[in-house]
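Subject: Structure handover

Hi,

Here is the structure I promised you. Please open it alongside this note.

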Amino acid sequence: MGTLVLGALLLVPPPDTSWKHQRLRAQMVEEQIAGRGVSDAVVLAALRSVPRHRFAPDHPPERAYSDRPLPIGHEQTISQPYIVARMTALLGPDSTDRVLEIGTGSGYQAAVLGEIVDSVYTVEIIPELAATATKRLHRLGYRNVVVRNADGFRGWPEQAPFDAIIVTAAPEAIPPPLVDQLADGGRMVVPVGPRGGSQQLTLVTKSANGTVDRRALAPVRFVPFLHPEEN
Ligand code: SAH
């Protein structure tokens with residue numbers, strides 16, 4: 001009987017109940033995020049709940065929860081927690097939203113959005129990263145996040161329009177298909193600028209009648225938006 005119970009327990013992936021990780025997350029949110037002015041309660045709750053260390057498994061947990069981006073292989077990085085929080089808050093995500101992400105990477109930003117919105121469609125150009133993120137998100141139970149291995153320049157036309165779009169690699173100019181795929185009343189957050197040069201976090205809004213407005217918000221540094229021939 002004892003063996004049977006143990007067998008059943010082993011089949012179920014353990015939730016992240018580790019006090020150590022919860023404490024690291026609470027501290028991360030308080031010091032790096034709320035402490036730096038992100039006050040959206042829904043965003044803070046999502047960051048308190050997503051097990052960031054599972055998205056950066058090659059790093060010790062203390063490092064995964066520290067105030068910096070980290071390498072995830074293939075010359076890519078998982079963004080700094082503060083940047084993830086700030087960009088998520090800028091999207092003003094709602095529980096009924098359908099969201100497009102370009103640049104799945106580790107899948108962390110997609111998971112944070114998955115905690116908040118109805119569904120997340122996320123596109124990653126590097127096949128190995130797309131495959132790892134797909135497995136990881138599935139294992140962690142994010143059934144409302146779908147990963148596709150493709151060039152995000154084209155967006156995801158079959159699922160458009162999107163209430164919100166987030167781009168986590170920096171294009172030199174905003175890909176026109178993404179603006180087209182933004183719903184009326186939608187918001188897009190995208191770092192824009194040259195590779196390794198001065199990039200601006202940019203908020204693009206589309207009004208109810210379809211007028212597009214863009215506003216540069218802050219200097220940032222993101223990995224470059226890749227084009228298929230470079231990959
Ligand atoms: N959001 C990620 C961080 C991503 S780093 C996270 O939470 O971990 C940027 C990612 O964008 C990289 O994985 C990179 O491979 C991807 N990328 C770059 N150019 C792309 C393109 N044209 N289409 C889709 N993904 C792209």
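Leaving aside neighbours within four places in sequence, which residues is Arg187 in contact with? They are Leu91, Gly92, Pro93, Asp97, Asp163, Ala164, Ile165, Leu182, Leu203, Val204 and Thr205. Keep in mind that this is a predicted model.

Arg187 sits in strand β7, residues 182-192. Two of the residues it touches also take part in polar pairings. The Arg187 side chain comes to 3.1 Å from the backbone oxygen of Gly92. With the side chain of Asp97, Arg187 makes a polar contact of 3.2 Å.

Next, the strands. β7 and β8 run antiparallel, joined by six bridges. β8 covers residues 199-206, and six of its eight residues are buried.

β8 also runs antiparallel to β9, residues 212-220, through eight bridges. Gln200 has Pro219 as its bridge partner in β9. Five residues separate β8 and β9 in their hairpin, where Gly210 in the turn shows a positive phi of about 95°.

Last, Ala170. It lies in the loop between β6 (162-167) and α8 (176-180). Why does Ala170 count as buried? Because its relative accessibility is 5%, and the cut-off for buried is under 20%. Not counting residues up to four places away in sequence, Ala170 touches Pro191, Gly193, Gln199, Phe222, Val223, Pro224 and Phe225.

Best wishes

Note on methods: Residues are numbered from 1 along each chain as its sequence is written. This is a predicted model: local features need pLDDT of at least 70, side-chain atom pairs count only at pLDDT 80 or more; totals for chains, interfaces and linings use all residues. Side-chain values use heavy atoms; hydrogens and water are left out. Helices (H or I, at least four residues) and strands (E, at least two) are DSSP runs, numbered from the N terminus. A polar contact is a pair of N or O atoms within 3.5 Å; within protein, one must be able to donate a hydrogen and the other to accept it, and residues adjacent in sequence count only if both atoms are side-chain atoms. Contact means heavy atoms within 4.5 Å. Buried means under 20% relative accessible area, exposed over 50%, partly exposed in between (1.4 Å probe, protein chains only). Two strands pair if DSSP finds at least two bridges between them.
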